[in-house]
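Okay, thanks for coming, everyone.

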Amino acid sequence: MTNITDLTVAAIRDGVAAGTFSAVEVAEAFNARVAAAQALNAFIVTTPDAALDAARKVDGMRAAGNALGKLAGVPIGMKDLFATRGVQTTAASHILEGFTPQYESTVSQKLWDAGAGMLGKLNLDQFAMGSSNETSYFGNVISPWRRSDGGNTAMAPGGSSGGSSAAIAARLCPAATGTDTGGSIRQPAAFTGISGIKPTYGRCSRWGIVAFASSLDQAGPMARDVRDCAIMLEVMAGFDPKDSTSLDLAVPAWEAGLNGDMKGKKVGIPKEYRVDGLDADVAKSWDDGIAWLKDAGAEIVEISLPHTKYALPAYYIIAPAEASSNLARYDGVRYGLRDLPDGANLQDMYAATRAAGFGAEVKRRILIGTYVLSAGFYDAYYTQAQKVRTLIARDFELAFQHCDVILAPTAPTAAFGLGEKSADPLAMYLNDVFAVPASLAGLPAMSVPAGLNREGLPLGLQIVGRPFDEQGVLNAGLAIEARAGFTAKPEQWW
Amino acid sequence: MSVDTATVAKIASLARLKVSAGELEAMVPELNGILAWVEQLGEVDVTGVEPMTAVIPNTLRLRADVINADPLTGGDVRDAVLANAPAAEHGFFGVPKVIE
């Protein structure tokens, strides 16, 4: 029999329902695999008992002849940005070390209600701020992938959902949750040869997710293929009265609606994304993607998104501005760390606590955000950025008059080595150049594996869709997946 | 626009972040690099453009005006609220003395 840990979400769900194996057997297999992979540092805490408890419940329900949930018997990883009742939730920060939520996030609760079990809390960039998982207080996540040069350079798993991407690629879990503020699901998925979708803003409740930039933050699934993403997203999405930006819309049957036939569909290729000096392997994978979608019956049209080059600078005003407000809550009073120097007053305590509790990148963004919102600079920076954001969203609106989905690379390069970009914040920010525009416009967007570059590292292709058209995005992803034939997986060294 | 050491010190104080003189020195060029880069937004003609307020049109809902409309967030959960406080005393958050 195939190794259980090599199975997809769909295969595990179906196997448990059919009795091919028990949910407990599945949980035990993944628990063992997680325990043996500490070298990757993908988890901040592991919760083998939670996985087993959920599995026993599923096995009991099946034995009693009860109907099983959509994810019955599937153990998953939970990004440590989702509040989980009774299990430490840190956002990979020191300031929240030891924080034990008294409540469960809406998205994680929906997953447990559907029969999924929790293998543990996945590492990430601190407060989801980063593109390489190097800003975590709990250490870097190491990608299971290595360059094919025979060396052992530790590679970045992408970020901020780097624990999620590394764990799925290494077969430590069949699926995981991610969150995407400016590419944090798609870029790590691309770096590790897996799939991930950020739905339309408002599809998944933000309630119980540690906030970074509230107008951009959106949860979504990461898994090894498109079908598994559809299954996960169906469970994670849905209206929640506790999130004022939650969309009051029915959740479509995305899995049942999967169809890779692109006949009659138009695929837009944004000319502004073909930047000078685009990595040759990335450009080739993009051309491959175009050919695959043509082969699936789609018509290819060139489109223009003229404000593309302004998306990243607008993002690096808007996201830090929102972050500086959201992170004001970490004050050493209500939860988390408190640093109270001898004789300190309340103001000293705030400043000392925040200095000790936040990492360098988080402080950098709080300072930028505070500056652009400060009196005298607000209009020049923040209002201007929000106006540019309107223009970026309008670019997409106009483009979607001529096409159904947009195809582009997910990231400008394959994974880089840990430490190779961490000295220069700007170089790191530029890695999200293709991912950020869809975030600013609130659009559904997904990354699927396209192939390997000359160094043997995965490359991803990104599909962006109209608001609420996750189905169109998933279907185009499926058409690519069927033709890319991506079966590469990292050789186990850990 | 660029920032100097005094400006960064002021921002850090507004953001309630204690920074040492050495950290301050390192932050000035970093922040200036980022600010110089976002400056390019000034090139964009935004005449007649409204700043984005909601990326996906949505209406703001109001909850029912009753006590405990949502039992989870509605109240009567004092112990849960205080459970993670670094210093909870007598059912309150404890802080250093603020009134002499």
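Let me start with a question: which residues point one way from E4(A), and which the other way? A:Ala175, A:Thr177 and A:Thr179 go one way, A:Ala176, A:Gly178 and A:Asp180 go the other, and all are buried. By buried I mean that 20 or more other C-beta atoms lie within 10 Å of the residue's own; exposed is 12 or fewer, partly exposed is in between, and the C-beta atoms are placed from the backbone.

Some housekeeping before I go on. This is a predicted model, so local features need pLDDT of at least 70 and side-chain atom pairs count only at pLDDT 80 or more, while totals for chains, interfaces and linings use all residues. Residues are numbered from 1 along each chain as its sequence is written, and chains are lettered from A and ligands numbered from 1 in the order in which they are written. Helices (H or I, at least four residues) and strands (E, at least two) are DSSP runs, numbered from the N terminus.

E4(A) runs antiparallel to strand E6, residues 218-223 of chain A, with 6 bridges joining them; for pairing, DSSP has to find at least two bridges between two strands. In that pairing A:Ala175 sits opposite A:Ala223.

Now the interface. On chain A, 57 residues are in contact with 44 residues of chain B, where contact means C-beta atoms, placed from the backbone, within 7 Å. On the chain A side, helices H9 (311-326), H10 (346-357), H11 (360-372), H12 (378-399) and H13 (425-429) each supply at least two residues. H12(A) gives the most, with 10 residues. By type, that side of chain A splits into 31 nonpolar, 18 polar and 8 charged. For the record, Ala, Val, Leu, Ile, Met, Phe, Trp, Tyr, Cys and Pro are nonpolar, Asp, Glu, Lys and Arg are charged, and the others, Gly among them, are polar. As for H9(A), 14 of its 16 residues are buried. The predictor gives the complex an ipTM of 0.94 and a pTM of 0.97.

What about chain B? It has 3 helices and 2 strands, in the order α-α-α-β-β along the sequence. Its radius of gyration is 23 Å, well over the 13 Å that the globule rule gives for 100 residues, so chain B is more spread out than a compact globule. That radius is taken over C-alpha atoms, and the rule is 2.2 Å times the number of residues to the power 0.38. Buried residues make up 14% of the 100 residues in chain B.

Most residues other than glycine have a negative phi, and most peptide bonds are trans. A:Ala92, though not a glycine, has a positive phi of about 60°. It lies in the loop between strand E2 (75-79) and helix H4 (106-113) of chain A, and it is buried, with 34 other C-beta atoms within 10 Å. B:Arg16 also has a positive phi, about 50°, and counts as buried with 21 C-beta neighbours inside 10 Å. Then there's a cis peptide bond joining A:Gly159 and A:Ser160, with omega about 10°. A:Ser160 is in the loop between strand E3 (117-122) and helix H5 (162-169) of chain A.

Terms used
Contact = placed C-beta atoms within 7 Å.
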